[in-house]
Amino acid sequence: MPGTSGRWLYLAAAIVCEVAGSLALKGALYRPALYVVVVIGYLGAFAFLARTLKAGLPLGVAYGIWGATGVALTAGLSALIFAEPLTPLMGAGIAVIIAGVLCVELGSQRARARAAGAA
């Protein structure tokens, strides 16, 4: 089982693959060859997410970070690449999602510390 850094690298790779697949999906509407990137991106995302879980990161934490980071990056990059709107209200929503994921992560750490103390 990889160390702590390995699980975070797998998670980062899952996020990059998912965002690439999502952005390619929008592009594929006009350039159908990009559907290949969509399939590779999503397959890679799930494969790396599985490796993240196998490396020991809890599902709630991994999925939360994957989802929140993916939403933030996809919204930001789609604003840059496709000139889609990114309003202050949308930014606030992204911030709330990130705050929620941080709460899940901190709660997970606290639960693991309690379990380790009880063992």
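**Entry 1: Gly 44**

I started with Gly 44, which is buried, with a relative accessible area of 14%. For my notes, buried means under 20% relative accessible area, exposed means over 50%, and partly exposed is in between, with a 1.4 Å probe and protein chains only. Gly 44 is found in helix α2. Helices here are DSSP runs of H or I with at least four residues, strands are runs of E with at least two, and both are numbered from the N terminus. I also looked up the separation of the C-alpha atoms of Gly 44 and Gly 21: 9.1 Å, for residues 23 places apart along the chain.

A reminder to myself: this is a predicted model, where local features need pLDDT of at least 70, side-chain atom pairs count only at pLDDT 80 or more, and totals for chains, interfaces and linings use all residues. Residues are numbered from 1 along each chain as its sequence is written, and side-chain values use heavy atoms, with hydrogens and water left out.

**Entry 2: The whole chain**

How many helices and strands does the chain have? I found four helices and zero strands, and the pattern along the sequence reads α-α-α-α. The C-alpha atoms fill a box of roughly 55 × 35 × 15 Å along the principal axes. Of the 119 residues, 31% are buried.

Next I checked contacts, meaning heavy atoms within 4.5 Å. Among contacts with a separation of 6 or more, 66% are between residues 24 or more positions apart. The accessible surface of the chain is about 7,300 Å², and 75% of that belongs to carbon and sulfur atoms. Such areas come from the Shrake-Rupley method with a 1.4 Å probe; for residues, only the protein chains shown count as cover.

**Entry 3: The core**

Then I went inside. A nonpolar core is a set of buried Ala, Val, Leu, Ile, Met, Phe, Trp, Tyr and Cys residues joined through side-chain atoms within 4.5 Å. The largest one has 15 residues, and those with the most contacts inside it are Leu 11, Ile 15, Leu 49, Leu 57, Ile 65 and Trp 66. Helices α1, α2 and α3 (59-82) each supply at least two residues of this core. Which helix gives the largest share? It is α1, with six residues.

Leaving aside neighbours within four places in sequence, Ile 65 is in contact with Trp 8, Leu 11, Ile 15, Gly 70 and Val 101.

**Entry 4: Aromatic rings**

I counted two aromatic pairs in the structure. Rings of Phe, Tyr and Trp (its six-membered ring) pair if their centres lie within 6.5 Å; planes under 30 degrees apart are stacked, over 60 edge-to-face, and the rest tilted. Phe 46 and Trp 66 make an edge-to-face pair, with 5.5 Å from centre to centre and 70 degrees between the planes. Phe 46 is in helix α2 and Trp 66 in helix α3, so this pair ties together parts that are 20 residues apart in sequence. Trp 66 is buried, at 9% relative accessible area. Ring pairs also bring in Tyr 63, giving a cluster of Phe 46, Tyr 63 and Trp 66.

**Entry 5: The salt bridge**

A search of the whole structure gave me one salt bridge. The rule is a side-chain nitrogen of Lys or Arg within 4 Å of a carboxyl oxygen of Asp or Glu. Here Glu 84 pairs with Lys 26, and their closest N and O atoms are 2.9 Å apart. The two sit in distant parts of the chain, 58 residues apart: Glu 84 in the loop between α3 and α4, Lys 26 in helix α1. Glu 84 counts as partly exposed at 29% relative accessibility, and Lys 26 is partly exposed with a relative accessible area of 29%.

**Entry 6: Ala 83 and its phi**

Most residues other than glycine have a negative phi. Ala 83 lies in the loop between α3 and α4 (88-118). Is Ala 83 buried or exposed? Ala 83 is exposed, at 65% relative accessible area.

**Entry 7: Ser 22**

Back in helix α1, I looked up Ser 22. Ser 22 counts as buried at 17% relative accessibility. Not counting residues up to four places away in sequence, Ser 22 touches Tyr 42 and Thr 74.
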